Structures are given as structure tokens and as C-alpha cells.
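Thanks for coming. Please have the sequence and the model open.

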Amino acid sequence: MSASLRTRWSKLEGLHGGAAQDAWRWFIERYRTYIRVGLERMIQPRQRAEEATEEIWSYLFESSVIENADRNRRFRTYLAGTIRNFAHAWMRRNSPAEVRHDRDWLASPGDPAEAFEARDLQLWKSQVVHLALDQLAQRHPDQANAVRWFYGLPDTPDLESPTLQPATEIATRLGVQVNAVHQVLFRGRKRLRTCIENELRETVTNRDDLDEELRIVYEALEREHPGLDG
């Protein structure tokens with residue numbers, strides 16, 4: 001395994017080391033929205049999901065489930081499974097006795113497993129792209145904004161996609177000529193691909209898994225935001 005694919009594990013191992021406070025701050029900031037939205041998809045009404053979200057942080061800390069993650073699994077599937085297991089346990093503890101053994105409350109009636117998995121992947125894609133855009137914005141804010149506006153990307157993973165903005169509007173916002181917007185978008189797309197790969201390197205341990213995760217994210221991008229993955 002190359003050194004470039006070890007980065008995430010060293011960060012997670014810091015969750016129980018001498019710098020645990022900083023590591024947990026990094027983890028919570030990075031995955032707060034992803035975890036909250038994941039619980040909202042499985043626990044209804046939303047008020048109950050908010051209660052579960054408040055409790056999951058202490059569960060993650062006390063159980064050591066994250067820092068002891070199986071290093072041979074992709075973090076995407078590991079974290080999704082952790083959220084799902086917590087939702088099951090939370091509903092069993094906090095539901096009336098007559099529904100504690102009714103498994104239907106974790107998905108909409110008639111909701112096939114394929115649709116549930118598809119929403120999992122869509123949420124993960126949104127998480128990765130949001131982090132990648134934040135990474136791009138640190139060094140190239142105009143490119144990050146132009147890509148966000150032109151392709152209708154939300155500011156956070158849990159928001160609905162905003163209305164796409166034409167190049168003329170983006171030119172006005174950036175204070176440049178319309179022709180310059182196309183150059184900004186071209187460079188922004190290319191750099192965003194690099195940022196997406198950087199983010200996914202945080203979640204896998206080998207090149208094959210990285211390539212598969214990249215394929216999943218790019219296919220989702222092409223479906224939802226045509227042209228963005230090019």
C-alpha cells in the first residue's frame with residue numbers, strides 16, 4: 001500500500017491518542033452533515049432524528065467504533081453501516097414495545113433495497129463533492145464559485161441544488177468577461193477532479209478501491225450534473 005493511501009487511517013487513529021480533541025474536532029466537522037442526513041433518512045419524524053443525532057456523537061466516542069474501524073473495508077460502507085446500526089438500536093430503545101420488532105420503520109413502505117443504496121451513494125457523492133469544493137475554494141475561490149453556480153451545486157450536502165446560473169450571470173458576479181468564465185470553469189473542473197481524488201484517498205486503503213470510489217462519484221456527477229466530471 002502506498003504512503004498516499006495511508007493518510008486517513010493515521011488521522012482516525014488520532015481519535016484516541018494524545019491529540020484526540022483535535023482529531024475529534026476534525027472528524028465531527030468533516031462528517032457532521034453526512035451523519036445527520038443519514039439518520040434523518042432512517043428515523044422519522046425529523047424531531048426524533050435530531051434527538052438521535054445528538055446522541056450518536058457520544059456513542060461514537062464511547063464505543064471507539066470509528067477509531068477501531070476495519071482497515072480492510074472502505075470507509076464509506078463502514079460509516080454507512082455504523083449509522084444504520086445506530087439507527088436500528090436507537091429506534092429499539094426509543095419506540096413503543098409493539099413496534100420495536102417492526103423492521104419497516106427504517107425505510108419507506110415498499111422502498112426496495114436498491115433505492116435505499118442509491119440514496120446512500122447520492123449522499124456520499126454530495127459529501128465528497130462538498131469537501132472537494134471546500135478544498136478548491138481555499139486556493140482558487142473564483143473557480144470553486146463558478147463551478148458551484150454553473151452546475152447548480154448546493155453549499156452544503158443536505159441542501160437542494162440551487163438554480164443553475166448562466167455564464168453571463170457568473171461573469172457579472174466575478175467581475176470578468178463572459179469568455180473568461182469558460183476558462184475559469186475549465187480550470188475549476190480539472191482542479192475539482194484532483195480535489196475529489198484527494199478526498200477519496202482519505203477513505204480507502206488501496207488503489208483498486210480508490211478507482212472504484214472515483215467511478216461511483218463520477219457516474220453520480222454525470223447523472224446529476226452533466227459535464228461536471230469532464
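A residue is called buried under 20% relative accessible area, exposed over 50%, and partly exposed in between, using a 1.4 Å probe and protein chains only. By that rule T53 is buried, because its relative accessible area is 9%.

Some housekeeping. This is a predicted model, where local features need pLDDT of at least 70, side-chain atom pairs count only at pLDDT 80 or more, and totals for chains, interfaces and linings use all residues. Residues are numbered from 1 along each chain as its sequence is written, and side-chain values use heavy atoms, with hydrogens and water left out.

Back to T53, which sits in helix α3, residues 46-63. Helices here are DSSP runs of H or I with at least four residues, numbered from the N terminus. Leaving aside residues up to four places away in sequence, T53 touches R36 and L39, where contact means heavy atoms within 4.5 Å.

How many cavities of 30 Å³ or more does a search of the whole structure find? It finds two. A cavity is a set of points, on a 1 Å grid over the protein atoms alone, where a 1.4 Å probe fits but cannot get out; lining residues have an atom within 4 Å of a point. Points are joined across faces, edges and corners, and the volume is the space filled by probe spheres set on them.

The largest cavity holds about 50 Å³. Ten residues line it, with R41, M42, A80, I83 and D120 nearest its centre. Helices α2 (20-42), α4 (75-94) and α5 (113-139) each give two or more residues to this lining, and α2 has the largest share, with four. By type, the lining has six nonpolar residues, one polar and three charged. Nonpolar means Ala, Val, Leu, Ile, Met, Phe, Trp, Tyr, Cys and Pro; charged means Asp, Glu, Lys and Arg; the others, including Gly, are polar.

The second largest cavity is about 40 Å³. Its lining includes R30, Y31, W124 and E199. Here α5 gives the most, four residues.

Last, the core. A nonpolar core is a set of buried Ala, Val, Leu, Ile, Met, Phe, Trp, Tyr and Cys residues joined through side-chain atoms within 4.5 Å. The largest one has 57 residues, and F27, I35, L39, L60 and I196 touch the most other members. Note L39 there: it is also a contact of T53.

How values were computed
1 Å grid on protein atoms, 1.4 Å probe; cavity = no way out; pocket = protein on both sides within 12 Å on 5 of 7 lines; lining within 4 Å.
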